[in-house]
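Trainee: I would like to learn how to read a protein model. Please take me through one.

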Amino acid sequence: MKFIIALIRPEQLPDIKQALFDSEFRHMTASTVMGTAPKIEQKQFRGVKKEISLFNRIRLEIAVEDSKVEAVLSCISQGAKESGGYGKVFVLDLVDVMTVWTDDRGEDAL
Amino acid sequence: MKRIFHYSTFFLLLPVIVNAGDTSNIQLSLDTLWVLLAAFMVFFMQAGFGMVEAGLTRTKNAVNILMKNTMDVGMASLGFFVFGYAIMFGNGNSFMGFDGWLLLGVESDGGLPVYAFWLFQAVFVGTAATIVSGGVAERMKFKAYLLYSLLISALVYPIVGHWTWGGGWLADLGFYDFAGSTVVHATGGFAALVGAMMLGPRIGKFNKDGSPNSISGHSMPLLMIGVIILWFGWFGFNAGSSLEFTDPELIARISINTLLAAAAGINASMFYGWFKFGKPDLALTLNGALAGLVGITAGCSVVSPLSAIVIGSIAGVFVILAVQLLDKLKIDDPVGAFPVHGFNGVWGTIAVGIFGQKSLGLATDGILFGGGFGQLGIQVLGTLATALFVVIAMYVVFKIIDKTVGLRVSREEELKGLDDSEHSMESYSGFQIFTTD
């Protein structure tokens, strides 16, 4: 089992979520986070400069069986490219899973 | 406390006391005081519109909608000063007026000071213009909006205003629109409809099979305070339209009708929505208040309080039906500008021909009071002619804007939110409360 963490821009969420849903991946968690980018951005507020180094981002978390990792990654990639092509994805080994409602463990709990 | 009241009363009545030499001066001072106070209240309705529209849109577009509302005041006031007043109230033909540009050569005729009259009319223009921002919210370019705002205030609104209030052809026919169900609200509502149709729906509003999604507004507290501010301002909007302080019965009747119609509107929309959707919905209920207010605006002076309740109740049901009709037609109106102002502007105007009473000042009784179909026919003709003109004129206006600066932001800008892409600004900087869904 693998745990996939995708860091994307907020405006990319609808496209990526749609691509995942279209391929029947319907379990995910999204949270609003802040992250750095390659460049520091200059913005203004009331005409005065302001440096922005942390930007609003979405952190998407998906747990899947090993056999489905490539499919999920290609959905994320496809959705992300429809909306600017930004993003970074981390794939981690997942040791165990438990569903509280059924007490299922491992792949049964995914 | 008593003393504070004493002094404040003194200052309030100062113009009256100074002019106490003869009674006509007292009358004129009271008229002026009344119209100016009402104008100030109508001006405050801009805060109401701003809060309603910010509340009903998403966090990422709040700065943009507030900016559009703010600039409506700027564009409407100057546009109406330079061009609008001359077209609406200048001497001309039955279609439009032609003199008084920049208010040059316009003088008071011994009655209400012309500046007081101008101010009262100018804040009405701002109201009509700002209705549209809700209908085209979350996707219209800011530059395009500025152009639209100037053109409706300087040209389109003044022309339809001239027809009814400036001695134009509808006034000659006996068309009755006391405070502007048609002139202000149907004009704004139909302009919003045209804008919403030409822009197309927001991304995500309709599924591929055509079924509608709801896109929730981000702040119900802002929506609620906005509606109450509008409701408060509406007492000035309707009662101030008497343009004089001579008939206490009239002003009192208008005020009670304004309260009762809106109260009936929230009851009707809440219960109807509850029955239809299973839960009492705050946003639809508050839309019902505005629907009742728009509905009573044309006839507030010539209907009884009981009639006002009936008019407001029907408006409260109509607003929900119109919201559903737009969803069925795949037209995306984020705040319900057309259901509230367009649909019920027409209803309120027609209602005069049904519920209006000769004993309260209308030329002939409405059909419920045995006056036949005469007034009703004129009301239907007037409101539909105005709506048709607005639709054609606004189609041309939006088309010109589309061909020059473009109407709609890009897909990426829309998804990112107009606050960031158009203004590079966040509405709630420091709060992590936004999503793009």
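This is a predicted model: local features need pLDDT of at least 70, side-chain atom pairs count only at pLDDT 80 or more; totals for chains, interfaces and linings use all residues.

Mentor: The predictor gives the complex an ipTM of 0.80 and a pTM of 0.90.

Trainee: How many helices and strands does chain A have?

Mentor: Chain A contains 2 helices and 8 strands. Along the sequence they come in the pattern β-α-β-β-β-β-α-β-β-β.

Trainee: Why is chain A described as more spread out than a compact globule?

Mentor: Its radius of gyration is 17 Å, whereas the globule rule gives 13 Å for 110 residues, so chain A is more spread out than a compact globule. The C-alpha trace spans about 55 × 25 × 20 Å along its principal axes. Of the 110 residues in chain A, 23% are buried.

Trainee: Next, the sheet. What holds strands together in general?

Mentor: Strands of a sheet pair through backbone hydrogen bonds, and the pairing is either parallel or antiparallel. In chain A, 4 strands make an open sheet in the order S2-S5-S1-S6, with antiparallel pairing.

Trainee: Which strands are at the edges of this sheet?

Mentor: The edge strands are S2 (29-35) and S6 (88-93) of chain A, and each of them pairs on one side only. Neighbouring strands of the sheet are turned by 25° against each other on average, with direction ignored.

Trainee: How many bridges join S1 to S6 in chain A?

Mentor: There are 6 bridges between strand S1 (residues 2-8) and S6(A), and the two run antiparallel. As one example, Ile5(A) has Phe90(A) in S6(A) as its bridge partner.

Trainee: Which helix packs on the sheet?

Mentor: Helix H2 (residues 69-82) of chain A does, touching S1, S5 (55-64) and S6 of chain A. The direction of H2 makes about 5° with that of S1(A).

Trainee: That leaves S3 and S4. In which sense do S3 and S4 of chain A pair, parallel or antiparallel?

Mentor: Strand S3 (residues 41-45) and S4(A) are antiparallel, with 5 bridges between them. Glu41(A) stands opposite Ile52(A) in S4(A). The two strands form a hairpin with 2 residues between them, and in the turn Arg46(A) has a positive phi of about 55°.

Trainee: Does a side chain always point to one face of a strand, or do side chains alternate?

Mentor: In a regular strand, side chains alternate between the two faces of the sheet.

Trainee: Why is strand S4 of chain A said to lie largely in the open?

Mentor: S4 covers residues 48-52, and the number buried among these 5 residues is 0, so the strand lies largely in the open.

How values were computed. Residues are numbered from 1 along each chain as its sequence is written. Chains are lettered from A and ligands numbered from 1 in the order in which they are written. A residue is buried if 20 or more other C-beta atoms lie within 10 Å of its own, exposed if 12 or fewer, and partly exposed in between; C-beta atoms are placed from the backbone. Two strands pair if DSSP finds at least two bridges between them. Axes are lines fitted to C-alpha atoms, for helices over the stretch in contact, and angles run from 0 to 180 degrees between N-to-C directions. Two residues are in contact if their C-beta atoms, placed from the backbone, lie within 7 Å. The radius of gyration is taken over C-alpha atoms; the globule rule is 2.2 Å times the number of residues to the power 0.38.
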